[in-house]
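Good morning, and thank you for coming.

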Amino acid sequence: SPGGEAGGDEGAGGEAEEDEEEEAKRLAVEAMQAWRTRHAEVLRENRAAGRQVGCPRCCHDGEHWGAKCFDIDKCAAAAKRGGRYAFVYAQVGVPGWPWLTFINSVNVQAKVLEAEMDAKVDIVLIIPPSDEKQLRPRNRELLQQYNVRVITVPWVIPPTLKWWPKHWWPGKPDGWCGPQDLMRLHVLGLTDYDAAVFYDQDIEFQGDAGAVMKCASTGHMLSASGGVGEPLNVGFFAIRPDARLLKAAELFAQDVTFDEQKGWADSGHKPSGGYFVGAECGQGYMNTLFYQKKSKKGQQALRDAGLVGDDAVLAESVDRCIWNYQTGSDCPSNFDCELIRVHHKPTGKPGGTDCPKLSRRKGPPSPLAAVASPKAKPPPQWAKFGCEPKFVQIGANCKCDGPNNVKTVEVKGKVLACEREVFNGSGDRFLVTFTDSSVTAKRVDAPACWCDDALEVHCCFAAAKRAAVAPSPRLAPAPVPSPPLQAAPPAPAPTSSGDGATSVPWALQPPEVQAEIETWFVAPKQHGCRDCCNDGERWGVPCFDVHACAAKAKRGGRYALVLSHVNVPGWPWLPFLGNMKEQARMIAEKSQASVEIVMIMPERDAARMNSKHTKLLKDYEVRLVPVPWQLPPALKWHPDDWKPHYTQGWCGPQDLVRLHVFGLIDYDAVAFFDSDIEFQGDATDVLLCASTGKFLSTSGGVGEPLNIGFFALRPDARLFKASELFAEGITFNRETGWGGAGFAPASYFIGAECGQGYVHTLVYKKGSKVARQALEAAGITEPIDAVQIDRCIWNYQTNDNCPARFDCSLIQVHHKPVPPPMGADCGKIKHGGHKPRDQVKPTGPPRTERCSIRPVTVGANCRCNEPHAGSKTVSVQGSIVACQPFVQNPSGDSFQVTFSNGKAKSKLTAMRFDNDACWCDEGLVVKCCIALTADER
């Protein structure tokens, strides 16, 4: 009832739903029969031409490559009709959107199997309970649309598994593929089913894959090798589930360890000659347990679980070019893409002769791709209302200057029901209530605000009124009313600004229209990371304000930007040195100081540079400072597998040589930067602030409380002395850190045993007894004034912990990635990084005709299997003078807008720039100023 808590009674399905289900099966079977007819023709054509149909050496017997690939079709012929089958997905972490983009191709396979085998076929999602609770409304709607059975599982790595990589710890969301891989072991125990097949979320069915399920039901375990030499690709496997299989997987975990040379339980990596991608995760784990018959540990686990004799696992390797295609590696050079049944990779545009997804394939479309998706439907409990489901965008409530854990939005139309509980993208939990015309979200996990825009509520609206959720005022405000109609003023000649740039096209519009358009090009408020700064004990302290600090600094003095190098450098070397030279010039001009570039190198390595290296330093006026050591002389600890004469294997030397920066007392302020750092803005305030006595650093991109690739300070001989004294008698332990000081605010992190842990302990950990003794012995009796600054701005290292739609133009110093960026990461300047998203202001002669501001509805682009799914073009009646250059839809997806004009119609294109992906939110609206017609004038 209006005003009550969200919810409703369950409704029952009727005959109409049964008819729809039968029709869906009929269409799927027809499409499959058409594919089979074409496939038979393709096979005949290939054989007549003498082409090889599958891969020659991609199957194995657990010991050797080149074994004959198992014949799935022949095996499938022995399968019995009836039974219950499952296509299984897995999800670790809260999913984004779009999600399960190829689920319709899975659904077609399921319908065909049901019709032809008289079987019950489910699509199943296995997911940890904590992640299931945080599924967003859109995710749940998709699961309901395809009747996906959700099964929560109790663990993501076997409970008895105590080995994991040194840089990872339980609960860490990245850094090791173990959790996402090993959670899939639960498929082995889905004993409700006669056969289950696991597929990665990026797999697309391009042909008839029903034989895999049928064959698995006869008792064979099926898998395929991978595209980069892995004997088993964990993105696909099929099994007849058996509780003993899952038991064996858990038993294998007891006391087992992994070694890069020896594999799991010292069983090696056969049939591969050595380590392969994913060997330390599920790919190596399952290959050792089920395929390596000489693995003592694996065979013992199988015996202890009762899988011996007639019950032994029948593990087979199948042709991956057909059943799990992953690029053309090892497939025949003239391989026919139409032979593929299941396509895994590439997901994007293929390279060379690789076969693509169906949406990118040339030629006639596949009949399987033409099968329509099932209609989305409201949750069963809303059926009695006869209402229309919609998503209500709640968004952020970032007014954090007081208790503010409730937000209400007004909507158009009558709300009849809403879901009771929701989570946003950050995992904050909310209870939902509603009235006829409003929806309220109350945060209940904490009495606090929230700044994550990804909060939406699934509600049902009275269908009779066909009400739509009101667009966010930020994205689609009401049109600005035009002034009273009057004749257009005569057009003056186009004017130019002082710098020679022509005026903007809307320069002759009425003042109120110009003012509205100008707001579209105002720079966004600068904001950076959340919870990425620490005080040596806890995360979440406010990041230090570099600008306010710099404002108090005196101008003048001598500054240095410092680089370091250990070992003889290669070539090319110091790729961003020119960029650093330009930054030094800028800092000198703004700070009224002299600014030098300094290179510190061990004396031995400095003497071994060749003429190219010395000329490079000379050309850029780099001061070379040879230093006597790369490890503090008193430091006797190092990893057991490393020796002082080694040039690789431990990051200690390359990190700890940087301690010499502390003692560069010729300078009033210094800032150390890794050689892969590129300045994309102005770092003047970093040097100015450091000159006041602050020690500045940032956290890292994979959970490190300090990234040794950047720090700034006022050099002090006492601090350098303390860094040497700290080394006396100290050791490092993976459980307790340097000198027993621990790892707070983190657990063990990457580089903890090198400079990142060493400097963080010495400078930031006020409770470290050993650090305090070293500082006091060097004459520093007061705590070091060490603070942390926003790493998304001052030491950018991928988008981890930066805002979800972080504006790359805010970056002042860019560290990583160095290669072309992936996903939403910001790149180096040459890769298109640092492009301001607010300065796309068109130029040109002023348009003489008047324009009025109107909303242009772009809507959704939910065709996620088609090329160019990340953009959409719509026709607009009339001539466009200007449009918002950047917009967001209610789901928070970000778009860049361009347009072109015709005689009577214009074209407007919205392209996603936060992700190369489709979007299914209908609420994308762009404000444009459209020229008035003669009649309107």
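Predicted model: local features only at pLDDT ≥ 70, side-chain atom pairs only at ≥ 80, totals over all residues.

**Helix packing, core and buried loops**

Helix α8 covers residues 243-253 and helix α9 covers residues 282-291; they pack at an angle of about 110°, and their axes are 11 Å apart. The crossing of the two helices, α8 and α9, is right-handed. Sorted by class, the contact of α8 with α9 has 8 nonpolar residues, 1 polar residue and no charged residues. On the α8 side, the contact involves L245, A248, A249, F252 and A253, and these meet Y285, T288, L289 and F290 of α9.

I turn next to the core. In soluble globular proteins, nonpolar side chains tend to be buried together. Here, the largest nonpolar core has 56 residues. Which residues have the most contacts inside this core? They are F87, Y199, V212, F236 and F335. Taking F236 and setting aside neighbours within four places in sequence, we find contacts with V197, F198, Y199, I203, V212, L222, S223, A224, V318 and N324.

Now to N233, which sits in the loop between β6 (220-224) and β7 (236-239). Is N233 buried or exposed? N233 counts as buried, because its relative accessibility is 6%, and the cut-off for buried is under 20%. Beyond its neighbours within four places in sequence, N233 is in contact with A224, S225, G226, Q283, N324, Q326 and H344.

S809 and D453 are 356 residues apart in sequence, and their C-alpha atoms are 20 Å apart in space.

Finally, helix α5, residues 137-145. Because 8 of its 9 residues are buried, α5 is largely enclosed by the rest of the structure. The buried residues of α5 are P137, R138, N139, E141, L142, L143, Q144 and Q145. What do the buried residues of α5 pack against? Their partners are α3 (103-117), β2 (120-127), β3 (149-152), β13 (388-393), β16 (421-423) and β19 (456-461). Just after this helix, α5, N147 takes a positive phi of about 50°.

Thank you for your attention.

Methods: Residues numbered from 1 in each chain as written. Heavy atoms only, no water. Core = buried A, V, L, I, M, F, W, Y, C linked by side-chain atoms within 4.5 Å. Buried < 20%, exposed > 50% of the residue type's maximum accessible area, 1.4 Å probe, protein only. Contact = heavy atoms within 4.5 Å. Axes fitted to C-alpha atoms, helices over the stretch in contact; angles between N-to-C directions. Helix = DSSP H or I, 4+ residues; strand = E, 2+ residues; numbered from the N terminus. Left-handed = near helix turned anticlockwise from the far one by under 90°. Nonpolar A, V, L, I, M, F, W, Y, C, P; charged D, E, K, R; others polar.
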